[in-house]
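Please open the model in your viewer and keep the selection tool at hand.

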Amino acid sequence: MTRELTTINPATEEVINTYEIMTKEQINGKAKKAQAAFSEWKTSIQKRVDHIHDFAQELRKNKEELARTVTKEMGKAIKEARSEVEKCAWIMDYFADNGKVFTTDEVVNTDARKSTITFEPLGVIGSIMPWNFPYWQALRFAAPSLMAGNTIVLKPASASMGCGIEIEKAFSRSGVPDGVFQTLVGDSSIVDIIIDSEDVNAVTFTGSVPAGGKVAQRATSQIKKCVLELGGSDPFIVCEDADIEKASNGAVKGRFINCGQSCIASKRFIVTKNIANEFMEQFVQKTEKLRVGDPLSDDTDLGPLVNASGLKNIDSQVKDSVKEGAEILTGGEQIKSKGYFYKPTIMKKVSPNMRVAQEEVFGPVAPIIVADDEIEAVRIANNSQYGLGASIWTQDLDKAEKLSTMIRSGIVTVNNVVISDPRVPFGGVKKSGFGRELSRYGMLEFVNIKSVRFYDQLVHQHHVE
């Protein structure tokens, strides 16, 4: 009996497509094909450079069609969808340009005649990715991993299955050899099959903390390397000396990008008391100018949430916090229409123990917490199970350096919002996951770092491990 999954347009609630879920045999067959492709793909870095540059061009050539696919599947505003495709092309070019340098053999001085450190690909990497940036998150991992010489089997989120299929088609059209990048069609039930496959050598996962814990447990029980990029509840700290105009602009950008559905979105606004009212006033004014509506329109700033359950969860987090004393400055309710739309929302009188401050809020809701001073702001910022990113707004860069060392997160940005950038590592601490993506550090996550030492003859040494 065949099983199916269905994609739904969150703006219209209409069915987009229905897909037949792959069987265990089909998935294992794809992994075996990836393993066969690996033996050739790993041999020539120059061929990989050329193929990956060609793929980047293919993305740019089909930008509009790819953007419309993601907007229809998960509701991203079309102008943001285009930017996502452009950023994907950039990351492919970046690793094609730099991958050779990042994995060049290193020579070290030891008692041997020659000692080198080499970086060899692991094999087939199973990639389990979410729906919120369906191109970027799949390719953020794929670009460095493919350049290192690995091959990939991707399981996209069910909600954005069409995007995952489009990625594989783009690889094929650009001339990348068959089997190097394959998309697996299935829901969460196929994850264990991917991890268990004897032809899958390592796993990367982006998604929720509970699901990430299960992936890590399954992978490590089989001694397979894994990298986890999980949730975030990034603090946005506004110091007394901050430029309020710039900080409030940053707050709008940081909170409402992708309708608030981003792991590195600004999610807790921790503002020192002396400037709190001025900041709130400007933040509300700018937020109320945002246009919510048809995500395929170039005039739209925010589309819908991805599904009914995401909408229900956001509404519940807001209502529970209001019951506990939070006040709504703007928004705070669903938009009564077809689709899973929610008004951009700002709340004040939020305490750190409310749901909107404790949980990851995956939608357009900005809770504001007032702190007595910057030290208390950092304490509140660190009082979270998450540790992905943080931003600090101040005109005193010495102060910013001091505060940045006190923040427990993988990324700190001063006077700008947190973004992912191919040139610097990306990842978190605490329950935001482990391992890194992007930069040379991300590339080295899925390689065998091998020590090779050459001696002219046996050297007598004390044998101590």
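How do α4 and α5 lie relative to each other, roughly parallel or roughly antiparallel? The model is predicted, so local features need pLDDT of at least 70 and side-chain atom pairs count only at pLDDT 80 or more, while totals for chains, interfaces and linings use all residues. Residues are numbered from 1 along each chain as its sequence is written, and side-chain values use heavy atoms, with hydrogens and water left out.

**First stop: α4 and α5**

Select residues 78-102, helix α4, and residues 136-148, helix α5. Helices (H or I, at least four residues) and strands (E, at least two) are DSSP runs, numbered from the N terminus. The axes of α4 and α5 are 9 Å apart and the packing angle is about 15 degrees. Axes are lines fitted to C-alpha atoms, for helices over the stretch in contact, and angles run from 0 to 180 degrees between N-to-C directions. The two helices α4 and α5 are therefore roughly parallel (angles under 35 degrees count as roughly parallel, over 145 as roughly antiparallel, 65 to 115 as roughly perpendicular and the rest as oblique).

Now show the side chains of the contact (heavy atoms within 4.5 Å). From α4, display E84, K87, C88, I91, M92, F95, A96, G99 and K100; from α5, display W136, L139, R140, A143, P144 and M147. By class, the α4 and α5 contact holds ten nonpolar, one polar and four charged residues. Here Ala, Val, Leu, Ile, Met, Phe, Trp, Tyr, Cys and Pro count as nonpolar, Asp, Glu, Lys and Arg as charged, and the others, Gly among them, as polar.

**Second stop: the open sheet**

Select next the six strands of an open, mixed sheet, ordered β7-β6-β5-β8-β9-β19. Its edge strands, β7 (181-183) and β19 (433-434), each pair on one side only. Two strands pair if DSSP finds at least two bridges between them. Within the sheet, β5 (residues 124-128) and β8 (residues 202-206) are parallel partners over four bridges; highlight S127 and its bridge partner in β8, T204.

**Last stop: α9 and α10**

Finally, select helix α9 (residues 244-256) and helix α10 (residues 276-287), whose axes come within 9 Å and cross at roughly 50 degrees. That angle makes α9 oblique to α10.
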